[in-house]
Structures are given as structure tokens and as C-alpha cells.
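Here is a short report on how two chains are put together. Please look at the sequence and the model first.

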2 protein chains.
Amino acid sequence: MNRQWLYAKQPQGKIGTDTFQWTETAIPAPKEGEILVRTRMLSLDPANRAWMMGKTYRDALEPGQVMSGFAIGEVVESKVPGLAKGDIVEGDWGWQDYAALPARRLVKRTTKAPLELLIGPLSVTGLTAYFGLLEVGRPKPGDTVLVSAAAGAVGTMVGQIAKLSGCRVVGTAGGQDKCDWLVRELGFDAAIDYKAGGVRRALAAACPDGIDVYFDNTGGAVLDAALSLMNLRGRIACCGNVSQYDVEKPAPGPMAVPGLVVTKRLRMEGFIVMDFYDRRAEAERRLARWVAEGRIKAVVDIVDGLDKAPAALIGLFEGRNRGKMAVRVS
Amino acid sequence: MNRQWLYAKQPQGKIGTDTFQWTETAIPAPKEGEILVRTRMLSLDPANRAWMMGKTYRDALEPGQVMSGFAIGEVVESKVPGLAKGDIVEGDWGWQDYAALPARRLVKRTTKAPLELLIGPLSVTGLTAYFGLLEVGRPKPGDTVLVSAAAGAVGTMVGQIAKLSGCRVVGTAGGQDKCDWLVRELGFDAAIDYKAGGVRRALAAACPDGIDVYFDNTGGAVLDAALSLMNLRGRIACCGNVSQYDVEKPAPGPMAVPGLVVTKRLRMEGFIVMDFYDRRAEAERRLARWVAEGRIKAVVDIVDGLDKAPAALIGLFEGRNRGKMAVRVS
């Protein structure tokens, strides 16, 4: 049987277990030009929640469809030249054991690494951090780099790549435990617990020379505080708005836009990792080398069992994970 | 005597005549290394109001000082090598007949053109439009360019330079008269009266292919509407926030920031014209040629008499001017 989680209904406010519905159906048969893939790992991402709110860089989720999500799997049967049984592939075929897919919806993975790394640090997560920080944020050695959701999948990578780039690195995270961990284990210069209040003052103390690059995963209060502390010609790499995804009523926009953007000559620029995929191979090689050499710690947080996927995603929005959260399916 | 307008007190809400105070004092004597300049024209700019609110790209205005403002004048007496009696210079020496200034606070103007052009279209105003549109907005032929405050000093230039660049050009302005004039006299493809309400719908109709470049002079409701209509990888050149300068309580920030900035991969970038002054000569030559050839209409709105400066600046915020507003002092 093919076990599936369907996207059952649009959440009002926080997602809950009733956002999803469990079902079992027949394993599909691949047509000519398709492969049958068996899911090995599911990636859980804040974007999963954003897709429920409407059209983003992809169509909105529609109730009744299989819950979408980035995954890694193994080819079980192939009717596609160049893909063979046993190959490892990635794509967005969602929360299910099996899927039949055309080749254009898949990418074959050739990097030799454990699935735990291929699902995040050496894939979407790591590449988001790599391209967003280096190509959009463009830090120079000596810059102060701030990253929000710093203990998350992207944030842990951004902070460490920024350290490799010779920057002073400050992160925000929820809770003092995570903050201590960022400094002790991942080499951050400072970390601020945004739940403790007084974010602006705490950031000002942690960034005595101001902020040159802000890698924004969250929007919300940290963005407001960062805008007020940005240096002249600072860059804000807009990666996500996770503080506003899982809420009933989004907060107002940042008051400092566009006023401080003008007077400080700031650049705020959004990006999606797929925009950079023509240079994916090079970036993946570098990330793999940094991880292999121990210069970057790939932090993964693995949950076992497809049945746990909804609870794990709910946990992601409650800030329970450290690093990349993924579900081991088989 | 040296007639002066002092900045008398910080306005709460709209500026009024009591924001300024008239005084007369002795004509200053230039020291060694200074010139004595006689003011010919005063530039009135939305920025004059912004300086009253606090530190921007310059220090805030302090009550009691001569009201700041960009001006053009004629050297009356020079104790500076390279500057002679009769030379035309520009600088920010404020609302007064005479000032004694060191050379570093002046720029000598060598472009031969009437003062009405030198005060705006061939100076700060024109250069702001030129560099902001071409270097920050980076339009390509076929792009749709939106400019707010399109009937103003910068907006009239932006629209016409965008037309020269092969773009479809849409403007917003206050009142149907101004909108008709933008289309009829300045060659805009469409103009929207933002005071008539329904700005988003009207802009959507005027921009059937979306917006590629938004030159933002205003912030506020037009920025909100523009964000929702920007195309993928659109650019917003953040030049000013004039909708929020002359108000008691600024409006909330744009809700679409950072959400739509991410999903549409937008770039919002602030700039100040002085950042580009190393390339001023080239830009000024081009603007002068375009005006001389009639490819751009330099629209100026001249008020006679230093005594009229406060009323003219109040009028600027009431939207009474078309094009560059300046005061002829002598």
C-alpha cells in the first residue's frame, strides 16, 4: 500500500493535526517516461506552511491533494533513460511512500553522502544559505552578519558560512538554551533570545558596529530591529517571513520601510534557491567539502516514521527543532 | 541687510507659517578660504520637511538655525583660489540672501544654462531621476515603469527618462488635471489619480503586464499597491517617502514586506543622489543635451521672492506645484 498524508483543510491560525488526513491507496504504476520512487526522507520546511496561504513562488495547496513537500527517494522502477533502479533522486512529490513521476520533476543526486545530509545541508537548506548569504547578502570579511531563526535549518548554515567568510556573526533564536548552543557549538559570536523581549536593545549590544548583512528568515520584530541597526549600504537577504506564516492575523509591515531604506541606502532583496540552480553543482561540492573537513557542522533533527510528519511540522513552528528537520520514511 | 528665514520650531503634523521665522541680520564677511555668495535661487524639496523629523542622511534641523535648503548663487567676493566674483555655485546654505562659506561646501557650476534649469532639472532633481532610475531601477526596453509623485520635480524627469529608455511609463499624481497633463504634455502612457481611491485597481488596469520598475517617491498606499503588482525580479528604487513626511502619525509599513519581496524576488534599494556624484558630469551633460534637443521637457515652477519661501514649501506638500519648485531670490 501507499500511505499518504493529504492536505485536508486550510488552517485558521496555527496548523493542527486536523490540517492533515491519513489515507492509504494503491502504489501507482509508472507510465512511459516516468519513474516509480520510494520515499526515503521528507524535508519539513517553513515554506510548507506558506504554501497553505495562497500562491507564492508556486501554486497554493488545495485541500484534498497529497501534502506537498520536498523529499529524497530511491528509484524502484524506471521507464526513463538515465535513471535506474537504486538511484537516489530528489523532488517535491509530497508526504507519501511512493510516487510515479516524469523525469522533469526529479533531480538525480550523485553526491555521495548520508541521506541525512542529502535532505538538507547538502540540498535545499544548505544551498539556500550558500546562495542567499554569498550572492544576495554579499558579506565582506569584518562585516557583522545577523541571521534570524539562527538555530534552524537555514540559519545554522548561514551562521557558519558567514564565519568562514570572516564575519562577526550574531543570531536570533527562541530560548536561551538554543542561544547558548549557537555560541558554544556552532561558533556564533553572540545569540539573542527573541522571546525574552527587548530585541532591539539586545541586538544593539551584540552588534556594536551595526549590521552590514541581515539574512532574514523571519520578518516581524527581528526585521524591525535589524532595520534600525543596519549600517549605510547594508544588505538584507529576504529568505522567509516565518514569524508570519503560522498566525491568524499577520503583523503590520515594517515602519522603517521605505524611510530607512532610503536614508541608509539599504538593499532588501528576495530570492528563491532554485534561481541559482545553474550553479548548484559547484555550491554542493563546496558544502560537502566543508562538512567533510569539519569546518561546518551539519545539524540534522530526524523524526522516524511517515505517521509523525504532521506532529513534526507542528513542532517546527513551535521551535522544537535544531537544524534541519526531516522525517525518515523508509 | 541679509534677509533670512529661520527654522523656528518642529511642526506637529503639517508644516505651517509658524514653522519659520523671518529675520534680518548683517551681511557676513568671508574669512580667508571662504567666499561670500548671493543667493539667486532656492530649491524647495520634500527632503526639507524630512530633515525636521530627525537625523536622515544629514543631521536634523535644529530650531533657531537658518532654514536649510539647496540653493544656487553668485560669488560676490572670493578668498578662495579657483572661485571668482560672478561664478555660479551651488550648495546648501539655506534660506537667506547671503552666506559666507568655505569652498568644500560649494560646487562650481560650469554648465551654461538658465538658472531655472540649473536649480533642478540639471542638478539634484534631474540627477536623482537619472541615477535612481538608470542605476538602481535598471529598466530595459519594454519594461513597465511606475513612478509616484509623477508630476513633481523628480517624477517628471523619471517618466521622461523612462520613455527615452523604451519603457511603458505610468505615473501617479494628485488630481485628474495633473494626470491628464502627464499624458498629454509629458508623454506618459497612463497616469492615475491616487486621491480618487481604488489605486490598486486603477494601477492594475494601467499596467496590464505588471510592473518591472517602481520609482518610489512616496511610500504609502502607492507602494502597497505597487508591491502587489510587481513582476518577478522587479526593482523598487526607493527615493523618498513623501506621503509620510508631513503627517502627525505615519502609516504602518507595507504588509507585503518581506513576504512578497521573497516570493517575487524583488529588489528594494534606497539611494541618495550624492552617492553618484563621481559621475555627475557625464549625467549632467546628457540631461542638458536631452533638454536642449527637446527630448525632455524641463518643467519648473518658479515663485518670486524670498519672503514667499514658506508658503511655497507648504504648497509643495499640498501638491500645488508641477515639476521643479524653486524660489527666485535675486
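The report below goes from the sheet to the helices on it, then to the interface and the helix pairs.

The model is predicted. Twelve strands make up one open sheet with mixed pairing. Its order is β10(A)-β9(A)-β8(A)-β11(A)-β12(A)-β13(A)-β13(B)-β12(B)-β11(B)-β8(B)-β9(B)-β10(B). The edges are β10 (190-193) of chain A and β10 (190-193) of chain B, each of which pairs on one side only. From one strand to the next, the twist averages 15°.

Two pairings show the detail. Within chain A, β11 (residues 211-216) and β12 (residues 230-238) run parallel and are joined by five bridges. There, F215(A) stands opposite A237(A) of β12(A). Between the chains, β13 (residues 267-270) of chain A and β13(B) run antiparallel, joined by three bridges. In this pairing E269(A) stands opposite R267(B).

## Helices on the sheet in chain B

How many residues of chain B are in contact with chain A? The count is 32, and they meet 32 residues of chain A. On the chain B side, α8 (259-263) and β13 are the elements that give two or more residues. By class, that side has 17 nonpolar, nine polar and six charged residues. Of the interface residues of chain B, 100% are also interface residues in chain A, so the copies meet through the same surface.

## Helix pairs in chain A

Take α3 (residues 124-137) and α4 (residues 153-164) of chain A. Their axes come within 8 Å and cross at roughly 45°. That angle makes α3(A) oblique to α4(A). The crossing is right-handed. On α3(A), the contact is made by T125(A), G126(A), T128(A), A129(A), Y130(A) and L133(A). On α4(A), it is made by A153(A), V154(A), M157(A), V158(A), I161(A) and A162(A). These residues divide into nine nonpolar, three polar and no charged.

The second pair is α6 (residues 199-206) and α7 (residues 220-229) of chain A, whose axes come within 9 Å and cross at roughly 45°. So α6(A) is oblique to α7(A). Their crossing is right-handed. Helix α6(A) makes the contact with V199(A), R200(A), L203(A) and A204(A). Helix α7(A) contributes A221(A), V222(A), A225(A), S228(A) and L229(A). Here the division is seven nonpolar, one polar and one charged.

Terms used: Residues numbered from 1 in each chain as written. Chains lettered and ligands numbered in written order. Predicted model: local features only at pLDDT ≥ 70, side-chain atom pairs only at ≥ 80, totals over all residues. Pairing = 2+ DSSP bridges. Helix = DSSP H or I, 4+ residues; strand = E, 2+ residues; numbered from the N terminus. Axes fitted to C-alpha atoms, helices over the stretch in contact; angles between N-to-C directions. Contact = placed C-beta atoms within 7 Å. Nonpolar A, V, L, I, M, F, W, Y, C, P; charged D, E, K, R; others polar. Parallel < 35°, antiparallel > 145°, perpendicular 65-115°, else oblique. Left-handed = near helix turned anticlockwise from the far one by under 90°.
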